[in-house]
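Hi everyone, thanks for making time this morning. I'd like to walk you through one structure, so let me bring it up on the screen.

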Amino acid sequence: MTEGIAVAEQPAAEASDNPLRDGLQLQRTPEPCTLVIFGATGDLTHRKLVPALYNLARAGMLPTGFSVVGFARREKEHERFRSEMHEAVNEFSRTRPVDQHVWQSFSNALHYLPAQFDDPAAYNRLRKELDRLDHERGGSGNRLFYLATPPSFYGPIVQQLGAEGLQHGGTAGGKQGWARIIVEKPFGHDLASAQELNRQIHQVFDESQVYRIDHYLGKETVQNILVLRFANGIYEPIWNRRYVDHVQITVAESVGVETRGAYYEEAGALRDMVQSHLLQLVTLTAMEPPAAYDADAVRDEKVKVLRAIRPITGNLVQEFTVRGQYGPGYEAGKSVPGYREEGRVSPTSTRETFAALKLFVDNWRWQGVPFYLRTGKHLPARASEIAIQFKRPPHTLFTSGTDELEPNFLVLRIQPDEGVTLRFGVKVPGQAMLIRTVNMDFLYGASFGVESPDAYERLLLDAMLGDTTLFTRKDEVEKSWAFITAILQAWQQQPPPPFPNYAAGTWGPAAADELMERDGRSWHRP
């Protein structure tokens, strides 16, 4: 009898409690498949991937015959791997404690294959293991490969998969299965390396098989940017240069680099956050309406935005960019070290932990409207948001009791406290005509009464379903790297600022505030 995870395994009473979820199960349950995680003993697998898969199983979203093969260098047995994954789910899942009924079925799907990433014999064993699982669990020959390893292993793994013919999927029951590959960020460290990685992958996999993952695109509030814009008639008419004064995008982290000092010494904030997360938010905010909600139509419009972003090159970086590095300061009232005192960081490091940019999208809709971006480590709060400030009325009839009325803002809060806030002026009760700014709030948790799924839950499910809408395409990656690489090259030609230039627990260097103040504007504080 085939073991597996299916909608039917959920208790009948539970399934009928949520009609919305039950309908979603029928629409979004993929075909049977096997997921191979390269780097299965790593942090990403423990913190994100297996907890996400468990929650999909708990919701009845995984197909019967679904299997996981952990492929990593450490020696261990299947049961040891399952025990470690149980601990990971218990610690990192958004639903805790572990439901033992769900876990009993889910754990049967977990398997482990100890192997070196560059060993051809290991891929022969992998192929035999996949064939065995197809036969025993009904995997239908469908394979999803996940590269959760350091980027230096991406090329060798892809090459070995191709040498063993695993890019074609398997054959089960006379039917040819599919094969897809998920590539984690960072996807290169500049334009040349991204192009080279694309070349290596395309030697084995077709572009339609490649899923470049940026977990920000899996967040509910990021997906709702498109819904807010294109499913509501009140926003799109004013979503342009005639009514929008400027756009601010903030991705702030309250923690430092923690144990990632060696990685950050190579990457920095511009590569780690701006090239991926922040530019993705720019494209979703600035894109034109797609002809249809499908992968190519949506991504075509995002690429058009990236093509329209005005390059920042040479001496322009002094006017349009700011870089910072945190020094000693305080987090939640506790003293914390500066970046240069962190583990595996050079005591004279000039790597940025903060970056702010002013950019323009040179097209008909956004000409002349500045987009201000900022991201950093050890800022006062963990917050991600898009704040759209609208132009002030052309003629002021009223007073706010102060010098000037506050502008109208539309704020899309991505995390935490996911929601949307509209800020506008109203009359204060009383005999005088005084105006005060108020907020109209929408909160996802309060409105729907359910916790949003983790981004990896949505993205893993989409990859199994073959939906590439929320994954980045080859030209999208290369266009974003072209913009970022020009800034990196200009920075290399100029001396860095006197680092550290902001204390941990503050909103970044003074130069970031000056970037806005020169234009008569100021940062919106989350």
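Let me start with helix 11, which gives the most to the lining of the largest cavity: five residues. Before going on, please keep in mind that this is a predicted model.

How many cavities of 30 Å³ or more does a search of the whole structure find? The search finds two. The largest has a volume of about 170 Å³. Its lining is made up of 18 residues, and the ones nearest the centre are Asp214, Gln275, Ser276, Thr472 and Val477. Besides helix 11 (268-286), the elements giving two or more residues to this lining are strand 7, strand 8 and helix 16 (474-492).

Now for the second largest cavity, which holds about 70 Å³ of space. Which helix provides the largest share of its lining? That is helix 9, with three residues. Helix 9 (220-230) and helix 12 (295-308) each supply at least two residues there. Among the residues lining this cavity are Leu217, Val222, Leu226, Tyr293 and Lys302. By class, the second largest cavity has seven nonpolar, two polar and one charged residues in its lining.

Strands 7 and 8 came up at the largest cavity, and they bring us to the sheet. Six strands form an open sheet, in the order 3-2-1-4-7-8, with parallel pairing. Strand 3 (110-114) and strand 8 (210-213) are at the edges with a single partner strand each, so one side of each has no neighbour in the sheet. On average, neighbouring strands here are turned by 20° against each other, ignoring direction.

As a reminder, strands of a sheet pair through backbone hydrogen bonds, in either a parallel or an antiparallel way.

Helix 4 (residues 78-92) lies across strand 2 and strand 3, at about 120° to strand 3.

That's my tour, so over to you for questions!

Definitions and conventions
Residues are numbered from 1 along each chain as its sequence is written. This is a predicted model: local features need pLDDT of at least 70, side-chain atom pairs count only at pLDDT 80 or more; totals for chains, interfaces and linings use all residues. Side-chain values use heavy atoms; hydrogens and water are left out. Two strands pair if DSSP finds at least two bridges between them. Helices (H or I, at least four residues) and strands (E, at least two) are DSSP runs, numbered from the N terminus. Axes are lines fitted to C-alpha atoms, for helices over the stretch in contact, and angles run from 0 to 180 degrees between N-to-C directions. Contact means heavy atoms within 4.5 Å. On a 1 Å grid over the protein atoms alone, a cavity is a set of points where a 1.4 Å probe fits but cannot get out, and a pocket is an open set with protein on both sides within 12 Å along at least five of seven lines; lining residues have an atom within 4 Å of a point. Grid points are joined across faces, edges and corners, and a volume is the space filled by probe spheres set on the points. Ala, Val, Leu, Ile, Met, Phe, Trp, Tyr, Cys and Pro count as nonpolar, Asp, Glu, Lys and Arg as charged, and the others, Gly among them, as polar.
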